[in-house]
Amino acid sequence: MKNILTPKLVEKYEKYLIQEERSPATRKQYRREILRFLEYGAGRTLTKELIIEYKKELMDKYQPVSVNTKLAAINGFLAFAGYGDLKVKQLKIQRRPYCSSDRELTKAEYTRLLYCARNQGQEKLWLILQTICGMGIRISELPYITAKAVRDGEASVNLKGKNRVILMGKKLRRILKKYMDNQGINSGPLFVTRNGNPMDRSNIWKMMKRLCRNAGVNPHKVFPHNLRHLFARTFYKANKDIVKLADVLGHSNINTTRIYIISTGKEHQRFMDAMGLVI
């Protein structure tokens with residue numbers, strides 16, 4: 001880009017994202033995608049045609065959802081820089097009525113992960129898995145699981161300008177309280193690194209991936225957010241109340257909740273066969 005969009009402008013945009021209370025993960029992702037675009041257009045004039053050309057290249061390399069995420073980063077940056085008229089349209093994606101079974105973590109697989117973690121003496125990971133899955137929380141909400149939250153039976157979360165209270169079941173409180181007593185934890189987050197910092201996404205992601213082989217679970221299914229999906233499906237199967245589930249998950253849009261409870265392709269096929277419309 002001929003001295004129009006510069007790395008210094010990217011830094012200013014990052015500061016703007018902080019003011020907008022975007023999460024560190026989002027800011028990191030946006031920065032990465034913007035710098036890739038700047039590298040692609042280096043030395044060329046910034047035009048709508050250039051951005052459409054880049055969009056087509058993204059479409060050749062990535063899935064539609066990933067393309068839209070990358071375009072959102074670029075469009076936001078263009079608007080901030082005063083080039084909102086150059087923004088390009090995101091791809092229209094029709095929602096699938098089912099999800100791939102290759103990505104869905106089953107309750108049986110989740111149980112195997114728990115047994116494997118406990119048998120390997122990984123008590124912290126054993127508890128983290130149950131805390132995320134047992135409460136349906138986001139990985140970014142884990143630092144709000146504090147000693148006070150365990151004593152109160154509820155966690156008060158404040159993220160992205162939103163406040164919500166997440167209840168904690170009695171069984172989970174009991175095992176977390178025992179962990180607190182054994183570790184001498186009286187205040188602050190329960191799950192921290194050796195340096196005392198709250199464990200982040202990358203720490204937990206790596207621990208979960210290492211657990212997969214011994215547990216006999218496909219690594220592609222094992223990541224923190226999939227535990228939240230398992231919570232959502234299990235909750236919905238128990239009471240069929242999607243409005244209540246949306247409240248529990250902290251969704252402001254019920255269409256977001258629908259994504260969490262779609263069945264697998266195999267389940268969808270069983271439903272179709274059970275209709276008895278083909279003899």
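Glutamate 21 is found in the loop between α1 (7-19) and α2 (24-40); helices here are DSSP runs of H or I with at least four residues, strands are runs of E with at least two, and both are numbered from the N terminus. The phi of glutamate 21 is positive, about 65°, although the residue is not a glycine. Its relative accessibility is 47%, so glutamate 21 counts as partly exposed. Partly exposed is the class between buried, under 20% relative accessible area, and exposed, over 50%, with a 1.4 Å probe and protein chains only.

The model is predicted: local features need pLDDT of at least 70, side-chain atom pairs count only at pLDDT 80 or more, and totals for chains, interfaces and linings use all residues. Residues are numbered from 1 along each chain as its sequence is written, and side-chain values use heavy atoms, with hydrogens and water left out.

Lysine 240 sits in the loop between α10 (224-239) and α11 (242-249). With a relative accessible area of 56%, lysine 240 is exposed.

Helix α10 itself holds arginine 233. Is arginine 233 buried or exposed? Its relative accessible area is 11%, and therefore arginine 233 is buried. Not counting residues up to four places away in sequence, arginine 233 touches Glu104, Leu105, Thr106, Tyr260, Ile261 and Ile262, a contact being heavy atoms within 4.5 Å. Arginine 233 and asparagine 195, 38 residues apart in sequence, have C-alpha atoms 36 Å apart.

Isoleucine 139 lies in the loop between α6 (123-135) and α7 (147-152). Isoleucine 139 counts as buried because its relative accessibility is 10%. Leaving aside neighbours within four places in sequence, isoleucine 139 is in contact with Ile132, Arg201, Ile204 and Pro224.

Lysine 8 lies in helix α1 and is exposed, with a relative accessible area of 65%. Between lysine 8 and leucine 127 there are 43 Å in space, C-alpha to C-alpha, and 119 residues in sequence.

Next come the rings. Rings of Phe, Tyr and Trp (its six-membered ring) pair if their centres lie within 6.5 Å; planes under 30 degrees apart count as stacked, over 60 as edge-to-face and the rest as tilted. By this rule there are 8 aromatic pairs. Ring pairs join Tyr13, Tyr16, Phe77 and Phe80 into a cluster. Lysine 70 lies over the face of tyrosine 62, 4.3 Å from the ring centre; the rule asks for NZ of Lys or CZ of Arg within 6 Å of the ring centre and within 35 degrees of the ring normal.

For the protein as a whole, the secondary structure comes to 13 helices and 2 strands. The C-alpha atoms fill a box of roughly 65 × 60 × 35 Å along the principal axes. Of the 279 residues, 37% are buried. Among contacts between residues at least 6 apart in sequence, 60% join residues at least 24 apart. The protein exposes about 17,100 Å², of which carbon and sulfur atoms supply 50%; the areas come from the Shrake-Rupley method with a 1.4 Å probe, and for residues only the protein chains shown count as cover.
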